[in-house]
Amino acid sequence: MNPEQMELTIGWLYPTLMSTYGDRGNVICLKQRAQWRGINVQVMPLDQQTPAETMRQVDIFMGGGAQDRQQEIVMRDLRGIKAETLREKLEAGTPGVFTCGAPQLLGHYYEPALGQRIEGLGLLDFVSKHPGPDARRCIGNVVFELTASPLAQELELMLGTKPVVIGFENHGGRTYLGNVEPLGRVVKGYGNNGEDGMEGAFYRNAIATYSHGPLLPKNPFVADWLIQTALRQKYQTPVSLKPLDDTLAMQARDAMFKRLALTHLS
Ligand code: GLN
């Protein structure tokens, strides 16, 4: 079966409530890279009106960042059958990228800058806490080496070199992992909390990260891994995607490495 006969449904979690930080860039990139391979792509918004049952059609989840207040609204809506459906999908290996505010909801809880603790879905073993409105936010370019298994190994095979991710972070909350694998090791920036050198988390095929909407455009190999993994899951057959011309993305990465004085990584 070739990719031209395949279809992908991207489930975009709460696009109106959780798009404060430009994470639609990830959705656009994913859709475009799949379409360039002739794959038929549908982007399905998953919002307050969407019945839980609809989530079952999703092949890749995308969830973006939000402000504390919006996170609380989303959390209230997700509780119950929607949370259960999301849990089942992720446990079954449906891939996804959950950015910043979105993973805070997947953990045990998020303590916002002001107000009550927001109970999370407890799908991933971590907690997130905002140290308060006067605390410094973690803002800036972030670079990390992907270490999560088997993601890092699969990407190393694909690239012929250790995968390094360039991102941009902007968060007040700090995340502390329990029994879940980090996504990567911070080279530059704050990552989960600015203390333990870890960035994000990886569970089954779900990527949780503080790296925002340029994640997939700046690291197109992650987008291709998501597409490939989703198609493999859906069609139960090995899939190889035809390479695209990523010269511009690679030049942008090199420029960023230079700027951050990390030329040994390019
Ligand atoms: N409100 C959360 C925080 O400040 C998430 C922010 C975000 O999604 N960028 O940590």
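I began with helix α1, where N26, V27, C29, L30, K31, R33 and A34 are buried (20 or more other C-beta atoms, placed from the backbone, within 10 Å of a residue's own). The model is a predicted one, in which local features need pLDDT of at least 70, side-chain atom pairs count only at pLDDT 80 or more, and totals for chains, interfaces and linings use all residues. Residues are numbered from 1 along each chain as its sequence is written.

I took helices as DSSP runs of H or I with at least four residues, and strands as E runs with at least two, numbered from the N terminus. I noted that the buried residues of α1 pack against β1 (7–13), β2 (40–46), β3 (60–63), β4 (96–99), α6 (215–218) and α7 (220–235), with contact set at C-beta atoms, placed from the backbone, within 7 Å. After α1 I found G38, whose phi is positive, near 80°.

I then turned to the ligand. I found 13 residues around the ligand, the closest being G65, C100, G101, G172 and G173; a residue is near if its C-beta atom, placed from the backbone, lies within 6 Å. Both α2 (68–78) and β9 (164–171) supply at least two residues of this shell.

Lastly I traced an open sheet of 4 strands, ordered β6-β5-β7-β10 with mixed pairing, where a pair needs at least two DSSP bridges. Its edge strands, β6 (118–119) and β10 (174–177), each pair on one side only. I recorded 4 bridges between β7 (residues 126–129) and β10, which run antiparallel, and F126 opposite L177 in β10.

Terms used: A residue is buried if 20 or more other C-beta atoms lie within 10 Å of its own, exposed if 12 or fewer, and partly exposed in between; C-beta atoms are placed from the backbone. Two residues are in contact if their C-beta atoms, placed from the backbone, lie within 7 Å.
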